[in-house]
Amino acid sequence: MVKIPGRFITIEGGEGAGKSTHIELIVQWLNAQGIDHLRTREPGGTPLAEEVRKLLLERHDEPLQPMTELLLIFAARAQHLQTLIEPALSRGQWVLCERFTDSTYVYQGCGRGLPQENVATLEALVQGSRRPDYTFLLDVPVEVGLRRAAKRGQLDRFESEPAVFFHKIRNAYLERARREPGRFLVIDANRAAREIARDIETTLARIAGEGRNV
C-alpha cells in the first residue's frame, strides 16, 4: 500500500444523488492506486451505531421528535468516531464516509428547523476539532433524486418526506458548499456515471498528490 497521510473524505447529497454508487467508484480508484482506506457510513458504521440507524430510519407509531432525532444521530456519531474513524485516521488510512455532520446541519437543522447553534454545540462536544478534509457534494434536482429513490423499493422515514423538505435540503447543501469552497467539491450528479467518476478521480489524484508532497 502507498504510504500517504490519512484523509477524511465525506460524500454528501440528497436522496437519490448516487452516494453509494460513487463511493464504490472511489473505493475502486483507491484500490487501483494502492491507497489503504476504510469505507463507512452515517448514521452507522459500527454494530452499535447501526442499531441506532435502524431507530432513525424505521417508521414508528410514536413520532420521533426532531431533538430526539438529533441526539440519536450524535450518539451514533460519537461511537462511530471513537471506535472506527479516529483509529483508522491514526493508522494513516483514508476514511470514506457516506454522510457526516453536513447532513446533520442540513437535515435536522434546515429540514427539521432545529437551531444551527444546537447542532454546532453537539458537533464541538462529540467531534472536538475533527472535520472532514474534503467533501464531495453530489447535487441532483430534487424530482430526479426522488424518482431514483422510489425505484429502490420501500421508502424509509426520511425518504418519505414531501418534496418541499428536499428542496430545503438541496438549497442548504449548496449554501454550505458556497461558504466552504476549499473543502467542498460540488458535482453535477444528473449526468452519466462515467462523467461524474472522472470529476471525482481528478480531485482524488490531486488530494493524493498533496499527500505525497508532505
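Me: A helix here is a DSSP run of H or I with at least four residues, numbered from the N terminus. Where does the largest share of the lining of the largest pocket come from?

Reply: From H4, which gives four residues. Bear in mind that you're looking at a predicted model.

Me: What makes a residue part of a lining?

Reply: Having an atom within 4 Å of a grid point of the space. In the largest pocket, 26 residues make the lining, with Glu-15, Lys-19, Glu-42, Arg-53 and Arg-99 lying nearest its centre. Two or more residues each come from H1, H2 (47-57), H3 (66-90) and H4 (101-111). The pocket holds about 520 Å³ of space.

Me: Why do some residues in the lining of the largest pocket count as charged?

Reply: Asp, Glu, Lys and Arg count as charged, so Glu-15, Lys-19, Glu-42, Arg-53 and Arg-99 go in that group. The lining as a whole has eleven charged residues, eight nonpolar and seven polar.

Me: Okay, and why is something called a cavity rather than a pocket?

Reply: It comes down to the way out: a 1.4 Å probe fits in a cavity but cannot get out, whereas a pocket is open. Two cavities reach 30 Å³ or more in this model.

Me: How much space lies in the largest cavity?

Reply: About 120 Å³. Its lining has 15 residues, and Gly-14, Glu-15, Val-140, Val-142 and Arg-170 lie nearest the centre. Glu-15 turns up in the pocket's list of nearest residues as well.

Me: What gives the most to that lining of the largest cavity?

Reply: H7, with four residues. H7 runs over 163-179, and along with strand E4 (134-139) and helix H6 (142-151) it supplies at least two residues. A strand needs at least two residues, so E4 at 134-139 passes. By type, the lining has nine nonpolar residues, three polar and three charged.

Definitions and conventions. Residues numbered from 1 in each chain as written. Predicted model: local features only at pLDDT ≥ 70, side-chain atom pairs only at ≥ 80, totals over all residues. Heavy atoms only, no water. 1 Å grid on protein atoms, 1.4 Å probe; cavity = no way out; pocket = protein on both sides within 12 Å on 5 of 7 lines; lining within 4 Å. Points joined across faces, edges and corners; volume = space filled by probe spheres on them.
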